[in-house]
Amino acid sequence: MGELIAIFLSSLCSQYYQLFLSQAVLLGASTSLTLTPITAVISRRMPHRRGFALGIAIGGSSIGGIVWPIMLQQLLYVRGVSFGWVQRAIGFTMLPLLLVTCVTVVDVDKEPSKPAPSVSDASEGGAVDSNDEPTTGEKPKTGHPVLSMFKNITFVLLCLGLALTYLGLFTPFFYISTYAVSNGLESSTAFYLISAINAASFLGRTVPGHVADHYGYFNVLALSVLASGIIAFTWTAAYTLPGMIIWSIAYGFTSGVRPRYADKRL
């Protein structure tokens, strides 16, 4: 509901601070609250095909990156629809999609069923209580889960590295069309390079996810970040339309890989 409210409120905005509150604050928070539970449910329910399942789920944003820019250009510049009604059209388009999301994501609070303990497990590990955990008379000492994460140096370094990566990861998505226009392309043609990047990004989110299920999530992630960095350095070498199309597809594919939930194979 928060996303729809933010979209419809933005259609009524007349001041900058109103647009900031509706888009940056309300829409940003609502999007995070929508995305995080979905990825958590998929990661928990499909542990053996986690990368491929998450790739398909997150790949929906790439499909949106193809549809939304074309839709906005057609409404705003081709048909001359006002900004307010364009925002309402976006909201009405999002409504059935969010309804499907709410209906299909179920049992969020229900833990997956655990197998019943065997007699050998009970004899070797001691008595088993109702939570399927051996009772030894002493409870393991565990600190706060959030604080314990920051004590893991490897985890902290991974988060810092990913934060630095995301600072430049989406730069071509925003400036590829502007760069194309500065090199003499028509704005109507350069605009579709954004859709080309997002189309390749969909494949970059699904195919490497399937590969990561077999060869390790961190391994595939590290290779994709390295490849994205190398391709990003070759951006200025593409100054013709064929070159920009090839570059957009290559960068979209390599940058489509997102951090996956790690397992013991990493």
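Biologist: What should I know before reading the values?

Modeller: This is a predicted model, in which local features need pLDDT of at least 70 and side-chain atom pairs count only at pLDDT 80 or more, while totals for chains, interfaces and linings use all residues. Residues are numbered from 1 along each chain as its sequence is written, and side-chain values use heavy atoms, with hydrogens and water left out.

Biologist: How many helices and strands does the protein have?

Modeller: Twelve helices and zero strands. Helices are DSSP runs of H or I with at least four residues, strands are runs of E with at least two, and both are numbered from the N terminus.

Biologist: What share of the residues is buried?

Modeller: Of the 266 residues, 30% count as buried. Buried means under 20% relative accessible area, exposed over 50%, and partly exposed in between, with a 1.4 Å probe and protein chains only.

Biologist: And what share of the contacts comes from residues 24 or more positions apart?

Modeller: Such pairs account for 70% of the contacts with a separation of 6 or more. Contact means heavy atoms within 4.5 Å.

Biologist: Now the helix pair. At what angle do α3 and α4 pack?

Modeller: Helix α3 (residues 50-78) and helix α4 (residues 83-104) pack at about 145 degrees, with their axes 10 Å apart. The axes are lines fitted to C-alpha atoms, for helices over the stretch in contact, and angles run from 0 to 180 degrees between N-to-C directions.

Biologist: Is that crossing left-handed or right-handed?

Modeller: The crossing of α3 and α4 is right-handed. A crossing is right-handed if the near helix is turned clockwise from the far one by less than a right angle, and left-handed if anticlockwise.

Biologist: Which residues meet there?

Modeller: From α3, W68, M71, L72, L75 and L76. They meet F83, V86, A89, I90, T93 and M94 in α4. By class, the contact has ten nonpolar, one polar and no charged residues. Ala, Val, Leu, Ile, Met, Phe, Trp, Tyr, Cys and Pro count as nonpolar, Asp, Glu, Lys and Arg as charged, and the others, Gly among them, as polar.

Biologist: Where does α3 bend?

Modeller: At I58, by about 25 degrees. The bend is the angle between axes fitted to the seven residues ending there and the seven starting there.

Biologist: Change of topic. Where is L185?

Modeller: L185 sits in the loop between α8 (171-182) and α9 (187-190). L185 counts as buried because its relative accessible area is 15%. Leaving out residues up to four places away in sequence, L185 touches A180, A190, L241 and M244.

Biologist: And G184, buried or exposed?

Modeller: Exposed, at 63% relative accessible area. G184 is also in the loop between α8 and α9. G184 and Y239 are 55 residues apart in sequence and 8.8 Å apart in space, C-alpha to C-alpha.

Biologist: What about V67?

Modeller: V67 lies in helix α3 and counts as partly exposed, at 45% relative accessibility.
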